[in-house]
Amino acid sequence: MTNLNTHTGFVSNSALRGNKVNILAFEVANTIVKGSNLMQSLSGESIQFLKKEILHSKGVQLLVSTDMKELLRIAAADKREEFEIFSREVVRFGDMCKDPQWHNLDRFFARLDSDPVTNSQLREEAEATMQELADLAQHTSELYHEYHALDRFDQDYRRKLEEVESLHLPRKGESLMILQSELKHQRKVVRNLKKKSLWSKGLEEVVEKLVDVVTFIHQAIAEAFEENASILTKNDMETNKKPERLGVAGLALHYANLITQMDNIASRPTSLPPNMRDTLYNGLPASVKAGLRSRIQALDSSEVMAMPKIKAEMEKTLHWLVPVATDTTKAHQGFGWVGEWANTGNEFGKKTAGSNNIIRLQTLYHADKQKIDRYILDLVILLHRLISLVRYRDKVPKYTPTRSPISIGSLTLHPDGQRQQDKISLEDKNLLEQVTKRRSVVPGVSKSQEFVISSKKKKRVFASSRSMGSSPPRDYKHANANMLDVLDGLGTTF
């Protein structure tokens with residue numbers, strides 16, 4: 001790497017000494033994370049996971065292609081594009097170096113296709129170099145968070161100081177001293193992390209290591225997909241001639257949002273925001289809207305699908321389509337601004353076959369627009385059935401029978417099982433108390449107007465009142481019956 005550029009003329013000592021990374025540390029760490037993820041995706045375990053799991057997944061097979069050679073070409077082209085982005089960032093940092101030998105690195109990288117590096121120790125050296133850079137990036141991530149904490153402490157201290165000065169209070173208050181102590185401690189933490197992170201490293205030193213990583217990744221892509229640069233370039237041109245893909249059209253994230261909305265509606269059709277259905281319809285692709293009216297008119301009104309069956313039909317598609325949409329949303333979060341990598345919780349240097357780094361084939365980027373439009377149209381038709389069924393169910397009046405209270409004596413029994421005592425007058429209350437006392441004193445059958453049961457015939461007999469003595473004589477079945485027995489209501493029937 002020392003012969004990248006030939007030195008001509010006088011080079012100052014300050015240029016040879018180079019400059020520190022300083023505030024560029026966060027951008028450099030961002031680039032290191034991209035290179036680390038790309039290198040991990042080219043490991044033997046990751047390539048096997050790609051070929052055996054990802055390429056055979058339902059989303060890839062139904063939305064992208066079933067041709068394994070075409071899928072491998074697409075995967076290789078994606079890696080080449082990631083490599084180009086990574087190498088361009090290394091070229092930018094090289095141009096910032098004071099040492100001119102690191103300028104115009106793009107010329108050196110362009111020669112890698114025609115003059116590949118063949119060194120059996122290159123992989124081990126590149127992995128060791130990347131691990132060293134990853135450790136520096138990890139400390140830089142911690143520095144990023146601690147810098148934000150330092151800014152908060154500094155603002156709190158300044159606000160408290162302004163408050164003390166406005167009230168003309170002494171600066172030796174307890175709360176102000178505590179904030180000052182916390183601020184001092186946080187500044188010490190930041191200083192220590194600067195020494196351990198990329199902040200204090202020389203930019204030329206870091207760029208030299210990144211150039212080694214770029215060289216290795218270029219070779220690893222060719223080895224992983226068993227293709228040289230010329231074939232990859234040809235395949236890139238062939239890939240562009242394929243049917244319209246969502247990523248190329250800039251529609252991948254939009255389709256992911258549509259799928260998420262449909263999944264939300266299907267999961268809770270009875271409790272939807274008032275504008276959710278309108279939002280979904282307005283976002284549908286033109287081809288789906290064009291086929292929607294004819295499909296709805298062609299529905300058989302006599303065919304009734306129960307709600308569980310409709311949801312089951314939708315689940316057949318959503319169970320593999322929703323994860324693809326979710327990965328699309330995650331991939332678009334990406335590295336939108338400096339420092340976002342520090343918030344992703346990335347475990348630097350972690351080597352796993354099924355890495356958390358999402359590749360394009362796991363998203364809607366390469367999805368065939370015509371294929372996914374058909375699936376979305378089918379889902380919209382099922383959603384129409386589902387919502388229509390919910391609306392019909394809500395409009396049907398529910399029969400709720402009303403039951404009148406049941407009166408038992410002085411108690412009123414309501415349908416809910418509760419009892420409510422009727423209001424009675426004081427005179428009636430006194431009368432009931434007298435009757436109760438008399439029944440408790442005189443045992444046996446009452447001689448007043450009551451229903452009684454004959455001990456022999458088990459029949460009800462209405463007892464005569466004392467005024468019956470002036471009534472006309474009656475013809476009894478038993479002529480010899482004692483009149484007292486008749487008056488007492490014993491042994492006789494009317």
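Guide: Let us begin with a term: a salt bridge is a side-chain nitrogen of Lys or Arg within 4 Å of a carboxyl oxygen of Asp or Glu. The model is predicted, so local features need pLDDT of at least 70 and side-chain atom pairs count only at pLDDT 80 or more, while totals for chains, interfaces and linings use all residues. Residues are numbered from 1 along each chain as its sequence is written, and side-chain values use heavy atoms, with hydrogens and water left out.

Visitor: OK, how many salt bridges does the count come to?
Guide: By this rule the count comes to 16 salt bridges, and Asp78, Glu81 and Arg360 are linked in a network of them.

Visitor: How far apart are the closest N and O atoms of Arg360 and Asp78?
Guide: In the salt bridge between Arg360 and Asp78, the closest N and O atoms are 3.5 Å apart. The pair links distant parts of the chain, since Arg360 is in the loop between α15 (307-333) and α16 (369-395) while Asp78 is in helix α5, 282 residues apart. Helices here are DSSP runs (H or I, at least four residues; strands are E, at least two), numbered from the N terminus.

Visitor: And is Asp78 buried or exposed?
Guide: Asp78 is buried, because its relative accessible area is 7%, whereas Arg360 counts as partly exposed at 24%. Buried means under 20% relative accessible area, exposed means over 50%, and partly exposed is in between (1.4 Å probe, protein chains only).

Visitor: What about Lys34, which residue does it form a salt bridge with?
Guide: Lys34 forms a salt bridge with Glu89, and their closest N and O atoms are 2.7 Å apart. This pair also links distant parts of the chain, with Lys34 in helix α2 (residues 25-41) and Glu89 in helix α5 (residues 68-95), 55 residues apart. Lys34 counts as partly exposed at 23% relative accessibility, and Glu89 counts as buried at 18%.

Visitor: Which parts does the Arg123 and Glu223 pair tie together?
Guide: The side chains of Arg123 and Glu223 meet in a salt bridge of 4.0 Å, N to O. Arg123 lies in helix α7 (residues 122-166) and Glu223 in helix α9 (residues 203-225), so the pair ties together parts that are 100 residues apart in sequence. Arg123 counts as partly exposed at 31% relative accessibility, and Glu223 is partly exposed too, with a relative accessible area of 45%.

Visitor: Switching topic, how many residues does helix α12 have?
Guide: Helix α12 (residues 252-267) has 16 residues and reaches 23 Å from its first C-alpha to its last, close to the 22 Å expected at 1.5 Å a residue. That expected span is 1.5 Å times one less than the number of residues. The buried residues of α12 include Tyr255, Leu258, Ile259 and Met262.

Visitor: And what separates the C-alpha atoms of Leu258 and Leu280?
Guide: The C-alpha atoms of Leu280 and Leu258 are separated by 6.6 Å, although these residues are 22 residues apart along the chain. Leu280 is in helix α13 (residues 276-283), and at 6% relative accessibility Leu280 counts as buried.

Visitor: One more, how far apart in space are Ala249 and Lys369?
Guide: Ala249 and Lys369 are 9.2 Å apart in space, C-alpha to C-alpha, and 120 residues apart in sequence. Ala249 lies in helix α11 (residues 246-249) and is partly exposed, with a relative accessible area of 34%.
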